[in-house]
Amino acid sequence: MRAVRRFTVRAQLPRPLAALSTLATNLRWTWHPPTQDLFAEVDPQAWARVKGDPLRLLGEVSVERWNVLAEDDDFLARVAAAEDDLARYCDDDRWYQRRAGEIEGLPAGIGYFSMEFGVTEALPNYSGGLGVLAGDHLKAASDLGLPLVAVGLLYRAGYFGQALSRDGWQLEHYPVIDPRGLPLDLVTDPSGAPILVHVGMPRGRVLRAKIWRAQVGRIPLLLLDSDVEGNDPDLRGITDRLYGGDQDHRIKQEILAGVGGVRAVRAYCGLVGTTQPEVFHTNEGHAGFLGLERVRELVAGDGLDFDQALASVRAGTVFTTHTPVPAGIDRFPVDLVRHYFGDGHEQDLLPGVPTHRVLALGAEDNANMFNMANMGLRLAQRANGVSALHGEVSRKMFRGLWPGFDSAEVPITSVTNGVHGPTWSSREMIDLLGDPEQGVEHGEGAHGFEPVSDARLWELRSTLRGRLVDEVRRRVRAAWIERGAAELELDWTDSVFDPEILTIGFARRVPTYKRLTLMLRDQDRLRKLLLDPKRPVQLVVAGKSHPADDGGKALIQQIVRFADEADVRHRIVFLPDYDMSMARYLYWGCDVWLNNPLRPLEACGTSGMKSALNGGLNLSIRDGWWDEFYDGRNGWAIPTADGVTDPVRRDDLESQALYGLLESGVTPLFYERGTDGVPQRWMSMVRHTLAGLGSKVQASRMVREYVESCYLPAARAASAMRADGYQGARELAGYRARLQAAWPHIRIVDSTLTADGEPAPSLGTPATVRARVELGGLDPAEVDVQAVVGRADEAGELSDVVTRSMDHLGGVDYRAEVPLPHAGPSGYTVRVLPRHRLLSTPAEFGRVVLAD
Ligand SMILES: *Cc1c(COP(=O)(O)O)cnc(C)c1O
């Protein structure tokens with residue numbers, strides 16, 4: 001019989017054990033092994049059956065067993081200790097509170113918005129890297145004590161589950177969740193009624209959403225759910241799937257996440273009495289509508305006009321972009337945006353916010369499209385990419401929004417992503433090496449293992465590899481059964497993989513730029529590597545393709561077909577349904593983590609960091625984080641054929657480089673053994689990796705950087721805007737308007753450069769730049785007139801410049817002394833920039849006048 005509807009009955013624990021329920025619903029257990037041990041002890045068999053999910057465990061244990069435990073003083077003492085420990089973790093002062101004692105102006109509240117959160121497989125609400133990164137951000141924020149509240153959507157069917165057809169084609173299924181069976185609480189008012197968020201829809205309709213709260217250590221994660229009785233059926237389905245549906249579906253999701261998200265934060269903070277966020281962090285463009293709702297609040301509640309509200313909102317907003325691929329940017333037809341934000345008449349979504357201003361924020365080259373990344377950048381005074389290289393790429397990609405500026409001056413910085421060590425380091429590694437987290441404070445890696453012998457570390461690596469091999473066998477068998485094979489024909493799966501063989505992992509989503517099939521470029525050569533009699537390698541591959549991407553599915557099929565071949569199937573496997581529960585085994589057990597994206601299209605990449613934390617060595621194209629952290633000894637860099645424009649030739653060249661490295665660099669080192677069987681030179685690279693990367697790749701390092709370089713300055717800027725009844729916001733908006741009017745009339749009449757009166761200046765001698773500048777009615781204090789000197793190429797393009805503000809000598813005359821920085825062909829220019837104490841950089845408005 002099939003149930004008409006599934007639902008979950010929560011367990012009723014005996015009173016003395018009630019704390020287990022708190023311990024199961026606070027997701028800190030996901031990175032706290034002692035709590036996991038406590039649950040395992042409740043019923044080891046059931047614990048294995050529920051795959052280590054405490055909440056499901058509570059529902060599996062028999063009443064008899066509960067009664068025994070309720071009388072077991074020793075167990076009760078451990079439960080009490082765990083409860084105390086969690087309470088202390090949540091209440092004690094941590095890094096953030098100490099930091100707040102040292103510096104002025106840290107925000108008392110931070111809102112963090114993302115369309116997906118990958119905290120644990122027990123809460124499947126993510127598709128891949130972006131979600132897992134957001135999850136790691138919350139965990140590190142919790143460990144550091146940040147006063148952060150996170151917001152997203154709760155999807156009825158998270159991302160899809162992946163299976164394979166007999167011939168290797170990806171099949172999708174969408175398991176539907178029951179929030180009652182997940183570690184979530186419904187946010188209710190004191191009477192127990194759910195708090196509902198309301199969002200206006202066209203033609204007077206209303207979208208309602210309830211709010212679920214997941215508790216991630218100290219951090220509340222609010223997830224909006226449109227499956228509310230009373231919503232029209234189409235609105236009820238808004239939160240059905242992550243990244244499913246058409247553009248219209250998508251924009252409704254993003255309106256709910258952004259506009260509804262701010263309303264949820266307001267309601268929640270009001271309810272529990274915590275400080276409202278002063279800083280809002282938009283994690284990728286999808287959640288960008290949050291800025292518009294905050295504009296509306298200021299217009300409706302504080303009497304500001306749109307421009308003043310915008311100045312204030314921008315100051316308190318941080319925007320992080322995650323994709324260097326233009327096709328990866330979220331865009332909507334302008335008409336669709338107009339449909340929701342009003343066609344010029346009164347509208348219900350954001351009363352008081354003019355539609356044409358909304359549209360201007362998302363404007364791009366194509367007048368018919370609304371660009372969420374552009375809006376994100378225009379609504380945030382601070383923006384960043386997610387690795388040094390990605391920052392550089394983003395500055396080039398978005399420089400059109402700051403016309404007249406060199407890409408180096410485009411105000412997009414970078415904060416390199418990190419991963420949450422306690423989540424991704426294997427437990428044994430932490431036991432052996434100590435907590436790498438400790439090193440973050442001192443800016444160094446895990447040094448705790450200096451006394452640990454190579455032999456001991458190698459033994460651990462081998463244990464982890466062995467555990468992966470077991471998991472691979474289990475999953476390969478299960479996958480074949482799902483593909484329609486009979487148990488009888490699957491004996492061979494017991495000897496898939498070998499715990500002694502060099503194990504390489506490749507797992508990630510399957511967009512084209514990640515080049516899943518690069519390794520298949522020369523199948524004979526790959527076959528030789530796999531089947532080498534003395535120094536074989538084994539390869540584990542996994543990844544999901546977006547359901548609408550048949551190209552990606554075809555790539556998966558190519559890998560599966562190759563892995564199905566009888567002569568290699570024991571050495572290469574494709575494991576379906578890549579998710580956090582599988583990923584863990586791969587990061588623990590692989591000796592080498594392979595990544596071969598098309599540079600520079602990988603914004604950061606984090607899976608290689610998780611491998612490194614466990615002593616895996618990266619073998620990767622120098623893209624994303626690896627471009628920054630590769631040091632010649634912590635792994636290998638696959639040479640890139642960056643300039644080669646023919647993609648086929650580029651793939652050929654790069655795949656040959658990859659095979660070459662595997663044949664002559666990686667495998668010989670792994671199989672070069674001392675008399676004790678330990679690969680000495682390999683282990684020295686492993687040590688170097690753990691010591692060097694152990695602290696750099698930590699999410700706590702990342703979150704600290706966000707605090708110091710984004711949240712703190714944003715909080716200070718927002719407070720300067722708010723002071724004295726939003727005097728700052730009014731002043732800056734007024735300045736911007738004045739600038740707007742005067743700008744076309746600013747003119748650099750003429751300029752000269754002389755050096756000690758000599759016609760041929762020499763290096764190091766100061767040059768004098770003079771200029772006459774008309775300011776179109778602006779006060780000289782309102783602009784910065786600059787002299788710029790640097791190398792000049794044939795076309796006169798300046799590079800490696802030195803910039804000096806020029807002194808105003810009175811009237812239209814300006815003068816500066818600039819040391820000549822370079823020998824050889826040089827040049828100079830003069831420019832005029834806005835100057836105001838409330839600007840984050842002079843480039844902020846994208847306004848500059850250049851001498852011509
Ligand atoms: C870390 C992680 C990712 C992201 O890996 P990339 O290297 O950024 O592609 C994706 N999925 C899961 C399950 C992860 O744990």
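**Loops, ligand site, cavities and sheets in a predicted model**

Pro600 sits in the loop that runs between β18 (592–595) and α24 (607–613), where helices (H or I, at least four residues) and strands (E, at least two) are DSSP runs numbered from the N terminus. The peptide bond joining Arg599 and Pro600 is cis, with omega about 0°. This is a predicted model, in which local features need pLDDT of at least 70 and side-chain atom pairs count only at pLDDT 80 or more, while totals for chains, interfaces and linings use all residues. Residues are numbered from 1 along each chain as its sequence is written, and side-chain values use heavy atoms, with hydrogens and water left out.

Another loop, the one between β15 (502–507) and α21 (523–531), holds Arg515. Although Arg515 is not a glycine, its phi is positive, at about 50°.

We turn next to the ligand. Around the ligand there are 15 residues, and Lys514, Tyr587, Thr606, Ser607 and Lys610 come nearest; a residue is near a molecule or strand if one of its heavy atoms lies within 4 Å of it. Polar contacts (pairs of N or O atoms within 3.5 Å; within protein, one must be able to donate a hydrogen and the other to accept it, and residues adjacent in sequence count only if both atoms are side-chain atoms) can then be listed. For Lys610, a polar side-chain atom lies 2.6 Å from an oxygen atom of the ligand. An N or O atom in the side chain of Lys514 is 3.0 Å from a ligand oxygen, and for Tyr587 a polar side-chain atom is 3.2 Å from an oxygen atom of the ligand.

Grid points are joined across faces, edges and corners, and a volume is the space filled by probe spheres set on the points. By this rule there are 7 cavities of 30 Å³ or more. The largest cavity contains about 140 Å³ of space. Its lining comprises 13 residues, with Val476, Trp480, Arg483, Asp564 and Phe574 nearest the centre. Two or more lining residues of the largest cavity come from each of α20 (454–482), α22 (550–564) and β17 (572–575). By class, this lining has 10 nonpolar, no polar and 3 charged residues, where Ala, Val, Leu, Ile, Met, Phe, Trp, Tyr, Cys and Pro count as nonpolar, Asp, Glu, Lys and Arg as charged, and the others, Gly among them, as polar.

The second largest pocket holds about 670 Å³ of space. It is lined by 26 residues, and Leu310, Arg378, Arg736, Glu844 and Phe845 are the closest to its centre. The lining of the second largest pocket has 14 nonpolar, 4 polar and 8 charged residues.

Key:
1 Å grid on protein atoms, 1.4 Å probe; cavity = no way out; pocket = protein on both sides within 12 Å on 5 of 7 lines; lining within 4 Å.
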